[in-house]
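Dear colleague,

I am passing on a structure that will be new to you, and I would be glad if you could look through it with the notes that accompany it.

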Amino acid sequence: MAVKRTTLMDVARAAGVSRATASLVIRGSDLVAAKTREKVEKVIAELDYVPNSGAARLRGQKSRTIGVIIPNLVNSFFSEFVEGIEAELDEQGYQVMLASSRDDPERQSGLLRRLREHDAEGIILFPAEGTEPDTIEKLVAAGVPLVQAMRHVGRDLSDFAGSDHGLAVRLSVRHLRDLGHRRISFVALAGEVSTRDERLAAFEEEMRAQELINAGVIDVPLAWDGSPQSAAMLMALEPRPTAAICFNDILASGLLRGLFDLGLMPGRDLSVVGHDNLSFIDLGAPPRLTTVQVFPRQIGAASARLLLRRIADPGAERKTEIVTPRLRVRDTTGPAD
């Protein structure tokens, strides 16, 4: 036998108020006297009343859900990023609808459509590789509150939260320079995304500025089993680099494994710098990775704040929030020979 769901009318009858008054209490309206509010809230607790969000949407109320689309579930960066979003949204009574685009813009389009069908009040988008600007333009034109995070397809098309990718790379180059390294390579993420372009541009610019030798850029896939191949690729470069800067910690961890397979020691035979400072970095056995902390939780929180601002004021001027990265020196960088 089905259990009858407690309705708002049940609450109103038990509290001796009208249904409209009970509804005002649920919505937190200031129009209800404190004594009446207290009585209604006591009944809500006693009857264990839970508002029916589906019915609320039919009455024109909000869904209190936010869509979040990330590129993949491989990189733990995204779990930390989403934790930051949820921490901000929970305080405002919003829930997250999370989906992975698998870095496929066609799949991403389908996810965006379904989020809108489910009345998501706003969307935080970590754009998939190959996302076209009109994807963002159409959402904005349709009045969908939107924030791009970390990657951007035209930063001026929407609100944006991310890291200073150029500073992160400059910190890495200068740290290696101070250790005496002159021949430095960059291990890049295969694919065309804004973060890759910005980091590579900063690498090439800073290497010139410091009068160092760009020993080459190699592209590897974002995969635990694929990135170790980068070690042999680096060792085959001419001139052979004495240090390498990696796009992220997953590629850096793969490079470390590849070096061990070749009988080489990170920090002695090749200095290695990662990016992100993911939570697992401090848990492993030595050598621990030197990396640039990018603060994904803070970026997620900034994304959520920007979105809440956009929901509250759709006509507000577009805003960008950048979280400053920080170099974390550990075991995988050492003096050049």
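What follows is a short account of its aromatic pairs, its charges over rings and its salt bridges.

Please keep in mind while reading that this is a predicted model.

I begin with the aromatic rings, where a search of the whole structure finds six pairs. One of them joins F77 and F78 in an edge-to-face arrangement, with the ring centres 5.6 Å apart and an angle of 80° between the planes. F77 counts as buried because its relative accessibility is 3%, and F78 likewise counts as buried because its relative accessibility is 5%. F77 also pairs with F81, and here the rings are stacked, at 6.5 Å centre to centre and with 20° between the planes. These two residues stand four apart in helix 5, which covers residues 77-91, so about one helical turn separates F77 from F81. Both F77 and F81 are buried. Taken together, ring pairs link F77, F78, F81 and F126 into a cluster.

Two arginines are placed over aromatic rings. R64 lies over the face of Y94, at 4.0 Å from the ring centre, while the charged end of R199 sits over the ring of F247, 4.5 Å from its centre.

Turning to the salt bridges, the structure holds 15 of them, and I describe three here.

Within helix 1 (residues 8-15), R13 and D10 lie three residues apart, about one turn of the helix, and they form a salt bridge whose closest N and O atoms are 3.8 Å apart. R13 counts as exposed, with a relative accessibility of 61%, whereas D10, at 21%, counts as partly exposed.

E83 forms a salt bridge with R297, the closest N and O atoms being 2.9 Å apart. Because E83 lies in helix 5 and R297 in helix 12 (residues 296-312), this pair ties together parts that are 214 residues apart in sequence. Both partners are given as partly exposed, E83 with a relative accessible area of 38% and R297 with one of 39%.

R305 is partly exposed, with a relative accessible area of 37%.

With kind regards

Technical notes: Residues are numbered from 1 along each chain as its sequence is written. This is a predicted model: local features need pLDDT of at least 70, side-chain atom pairs count only at pLDDT 80 or more; totals for chains, interfaces and linings use all residues. Side-chain values use heavy atoms; hydrogens and water are left out. Rings of Phe, Tyr and Trp (its six-membered ring) pair if their centres lie within 6.5 Å; planes under 30 degrees apart count as stacked, over 60 as edge-to-face and the rest as tilted. Buried means under 20% relative accessible area, exposed over 50%, partly exposed in between (1.4 Å probe, protein chains only). A charge sits over a ring if NZ of Lys or CZ of Arg is within 6 Å of the ring centre and within 35 degrees of the ring normal. A salt bridge is a side-chain nitrogen of Lys or Arg within 4 Å of a carboxyl oxygen of Asp or Glu.
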